[in-house]
Structures are given as structure tokens and as C-alpha cells.
Amino acid sequence: MSFFCNFQSDRCPGQINGNPLNGLCEKVCVQAKKVFDACMQQSQLNGIVLDITNLTPANPTYPLTFVSAKSLDSEGVISNLIVDPLPERPNSARVKADVTIPVSVAYVDANGVEGAATSSITVTKDVILNIPSASIMPYQVEAIVSLVSTQGTYTGENQFTIDACVSIILKIVMEVELLIPSYGYAAIPPCQEYTQEVCAGFFELPIYPE
């Protein structure tokens with residue numbers, strides 16, 4: 001079982017049935033990352049140059065044939081950050097930053113051997129976001145990233161040129177202590193072994209065909 005699989009309890013996540021105040025028992029202080037604002041930009045980027053490193057296996061037979069590329073991590077690396085408050089828009093600022101996306105590249109060498117390598121791309125973002133008012137605790141700018149590519153060519157010297165679909169979410173966040181209503185601790189159900197479901201049909205087969 002799990003929270004959402006054949007487990008009946010009024011102390012588990014899910015949709016609220018009946019009076020939402022029923023079961024509230026305390027106000028809880030939790031440490032969390034509060035998102036003050038966020039925005040997403042999705043775009044197709046053409047002609048991205050990837051300089052690959054960490055080739056596995058080493059010493060492939062050239063030339064290489066591009067297979068695919070995808071982001072290695074969902075968290076982008078932010079650099080050259082500039083936050084410029086906008087006087088005409090209270091609590092708003094121009095947020096400009098370079099977002100670096102780590103990338104994994106799959107390829108096939110001239111002998112048909114599959115290989116993998118790493119690279120990265122950097123995308124400049126210039127957007128408007130709401131920022132919290134001045135406080136002791138500082139806010140941070142974070143980036144959630146995703147890159148997918150199935151089109152690319154090998155241009156020599158461990159370099160690919162690709163077209164990619166890129167999504168970047170910029171967020172203004174801060175570590176805070178929030179006071180929230182609570183229903184108490186969750187009731188944790190026992191796990192349902194997946195192997196039992198896989199083998200159930202197999203174990204029901206006869207030893208020999210009829």
C-alpha cells in the first residue's frame with residue numbers, strides 16, 4: 001500500500017472530504033523554502049555548440065554521430081546575477097542572469113560503439129520578477145532547467161552543434177519558518193511489494209502446457 005493505494009486514513013495526504021476544519025489539532029512551525037515569485041520560459045534554441053568532455057568509453061573512433069542530449073540535473077547554475085529594482089513597480093525588479101545547464105550527450109562512434117559525454121550550455125535570462133521587501137534574511141534566485149535534443153551534428157574536435165528544446169524556471173526563494181495549520185503526524189502505510197504483482201500471473205501458469 002501507499003498513501004494513494006488502498007489506504008484509508010484521515011491522516012494521510014489527499015483530497016479533503018467533508019469539513020476541512022475537522023481534525024485540525026495544532027499550529028506547526030515548519031522550516032521551508034518559500035517561493036515569492038516564479039516564471040517559466042520555453043524556447044527552441046538552434047545552433048548550440050557543445051564542447052564535450054569525459055568521453056566514455058575513452059578514445060572513441062572518430063567521427064562521432066550524434067544521438068541525443070539531455071540535461072543532467074534539474075538545477076541550473078546561476079552566475080552574473082543582477083537584480084535591479086524598478087522604481088515604477090513596487091516590489092518588482094529586473095532580474096538578469098546567466099543560467100548554465102549541465103548536459104549529457106549520447107553518441108555512436110565510427111565503429112558503432114555507443115558512448116556518452118558531458119557538456120553544458122549557458123543561457124542569458126532578463127526578466128521581471130517580484131522580490132520581497134528588505135529584511136534580515138536574504139532571498140535567493142534559483143533556476144530549474146530542462147534540455148532535450150534529438151538533432152545534432154558532429155563538427156569535429158569533440159564538438160557537436162545541436163538544436164534543443166529548453167525550459168527554464170526562475171524563482172525568487174527564501175528559507176523561512178512558516179506557521180501552518182496541522183492535522184498531526186501522517187499515518188504511514190506498509191509498502192506493497194511490486195515483485196508480488198509481477199510474479200502473480202507467472203506463478204499461476206501450469207508447469208506444462210495443456
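Q: Why is Cys165 called partly exposed?
A: Cys165 has a relative accessible area of 49%. Buried means under 20%, exposed means over 50%, and partly exposed lies in between (1.4 Å probe, protein chains only); Cys165 is therefore partly exposed. The model is predicted, so local features need pLDDT of at least 70 and side-chain atom pairs count only at pLDDT 80 or more, while totals for chains, interfaces and linings use all residues. Residues are numbered from 1 along each chain as its sequence is written, and side-chain values use heavy atoms, with hydrogens and water left out.

Q: What makes Cys25 partly exposed, and how many disulfides are found?
A: The relative accessible area of Cys25 is 46%, which places Cys25 in the partly exposed class. A search of the whole structure gives zero disulfides, a disulfide being a pair of cysteine sulfur atoms within 2.5 Å.

Q: Why is Phe160 called buried?
A: Phe160 counts as buried because its relative accessibility is 0%. Across the protein, 26% of the 210 residues count as buried.

Q: What makes the Tyr154 and Phe160 pair edge-to-face?
A: Four aromatic pairs are counted in the structure. Among them, the rings of Tyr154 and Phe160 stand 5.3 Å apart, centre to centre, with 65° between their planes. Rings of Phe, Tyr and Trp (its six-membered ring) pair if their centres lie within 6.5 Å; planes under 30 degrees apart are stacked, over 60 edge-to-face, the rest tilted. The pair is therefore edge-to-face. Ring pairs also link Tyr154 and Phe160 with Tyr62, Phe66 and Tyr107 in a cluster.

Q: How do you know which element holds Ala106?
A: Ala106 lies in strand E5, residues 92-108; helices (H or I, at least four residues) and strands (E, at least two) are DSSP runs numbered from the N terminus.

Q: Why is Ala106 called partly exposed, and which residues does Ala106 touch?
A: Ala106 is partly exposed because its relative accessible area is 25%. Leaving aside residues up to four places away in sequence, Ala106 touches Phe66, Val67, Ser68 and Gly115, where contact means heavy atoms within 4.5 Å. The C-alpha atoms of Ala106 and Ala117, eleven residues apart along the chain, are separated by 6.6 Å.

Q: Where is Leu24, and why is Leu24 called partly exposed?
A: Leu24 sits in the segment before strand E1 (26-51). Its relative accessible area of 34% makes Leu24 partly exposed.
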